[in-house]
Each structure stands twice: as structure tokens, then as C-alpha cells.
Amino acid sequence: MAFLLHHEGKGVTREELIDALWDEENRPKNEIVALHNILSSIRKSFADFDEEIIVFQDKKYYVKQGLIYTDIGVAKEIIAAVRSREFEKLLVWENLTEFFAEGSYLDNVEGQWVLQDRYYYERYFYEGLVGLGTCHMERGEFIRAEHCMRQALNLEPYGFSAITGLMDCYGKMGDEFRLTHFYRELLENAEPEFCRDLKEELKGPYGKNRELCRRGYGKTS
């Protein structure tokens, strides 16, 4: 069902569905019968619908558009905003950070076909969270900015733009305690061979924001 929804109104062939469901080593003896059993089970799950949920036409399977809500539309709008670097467009969605935090609308779906697409969405979601956090910072909404940067780090724990974005947030807040705690926590949790390079990369952003805190501590909130 996820595979059909993912392809929206384009439809998929029987062979494409079979490839999505099973790899070569784990295919059932009669894969066509197994596929039809799965499709039958899905149709029974939506028996209360007035219309047929899955249709077969021109040798392709479709989910009828408009019958089931999927957040792929929101995901695509997010990607469009990130690609165009128009992060302010992301401000219009309430609770968008929670949507981002899920990683991808494919997050709970299993199957080989998901892996590449999941990475694709997570990459844009990470960039979107950092951009959204920067928008909040520019508006003086530092708590929201911090939340966005933290969510981005949940997706990519050592994402440089999220790390420096969170440091900038603490610098503009004038919060040297949280800035220093975050910096030390990063170094303590990093692998020894990575820690040296990380410390060198963060020396500038950390020093800049530490100085900002010392000059403006207590003047911003």
C-alpha cells in the first residue's frame, strides 16, 4: 500500500510490485498468487469505502486519488522550499518540526525500495530544519530556533550546519552555559579519531559565540 501511495496516480506494474515486496532470494513459489492475496487483504481492510480503493487499469495498479490522505504532498512542498532556499515558506505549517522529526513519511515502512527514498527525504528534512531554525533566529524566536536545530541533529548528529546553527542560537541568546555544555558534550561523545578534527572545525564558531555571550549575556532572551 505504501508503494502504491508513494507513486501517487502514476500506477505501478505487477512486476514492480513484486520487486518491491520481495528480493530474488525470498520470493514465494507462486509470487503472483501471493501478490493477489496481499491486494485482496488490502481491499478487505477498506471494505467500508464506497469506492474501490485499488484499481487495475492499463496493466497497472493505482490507488484512487483523493480517497486516502498521504503526507507526500507536504513532503514535496518542503523539498521545493529547501531547493529554492525559500525557508520562510516553512513557517506557515504549524507543528512542522514534529513532521520533520519523524525523519520521513516512509520512516515506518519496510522494504529495499524504501531505503534510497528515505535517505532522499531525510536529507531535505535536515536542510529544512536548519533553514527553518535560521528563520526563527532572524525573527528573534530563539527557543523555536533551538528546537529546530536540535531536531536536525536528531537526523544527522554531526551535521555541521545544525551544530553551528545551534551555537549561533546560544550566542544570540547570550547563553554561555548552554553553548559551552553543548560544545563539550559534542567532543565527549565523538570518536577519538574524529574529536580532533571536530574541535578544529568548531574552534571558530565556538569562539565567536562565546565572545558574543560575554559581550551581550543577559541582554537577550
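How many residues apart are Lys203 and Glu200 in helix α10 (residues 192–216), and what separation in helical turns goes with that? I looked this up today.

**Before starting.** I noted that this is a predicted model, where local features need pLDDT of at least 70, side-chain atom pairs count only at pLDDT 80 or more, and totals for chains, interfaces and linings use all residues. Residues are numbered from 1 along each chain as its sequence is written, and side-chain values use heavy atoms, with hydrogens and water left out.

**Helix α10.** I found Lys203 and Glu200 to be 3 residues apart, so they are separated by about one helical turn. (Helices are DSSP runs of H or I with at least four residues, strands are runs of E with at least two, and both are numbered from the N terminus.) The two form a salt bridge, with their closest N and O atoms 3.4 Å apart. My note on the term: a side-chain nitrogen of Lys or Arg lies within 4 Å of a carboxyl oxygen of Asp or Glu. Lys203 is exposed at 51% relative accessible area, and Glu200 is exposed at 51% too. (Buried means under 20%, exposed over 50%, partly exposed in between, with a 1.4 Å probe and protein chains only.)

**Other pairs.** I searched the whole structure and got 15 salt bridges. One of them joins Glu86 and Lys89 at 3.1 Å, N to O. Glu86 is partly exposed at 28%, and Lys89 is partly exposed at 45%. I also saw Asp19, Glu24, Arg27 and Glu31 linked in a network.

**A loop residue.** I placed Phe49 in the loop between α3 (31–45) and β1 (54–57). Its C-alpha atom is 8.6 Å from that of Leu67, 18 residues apart along the chain.
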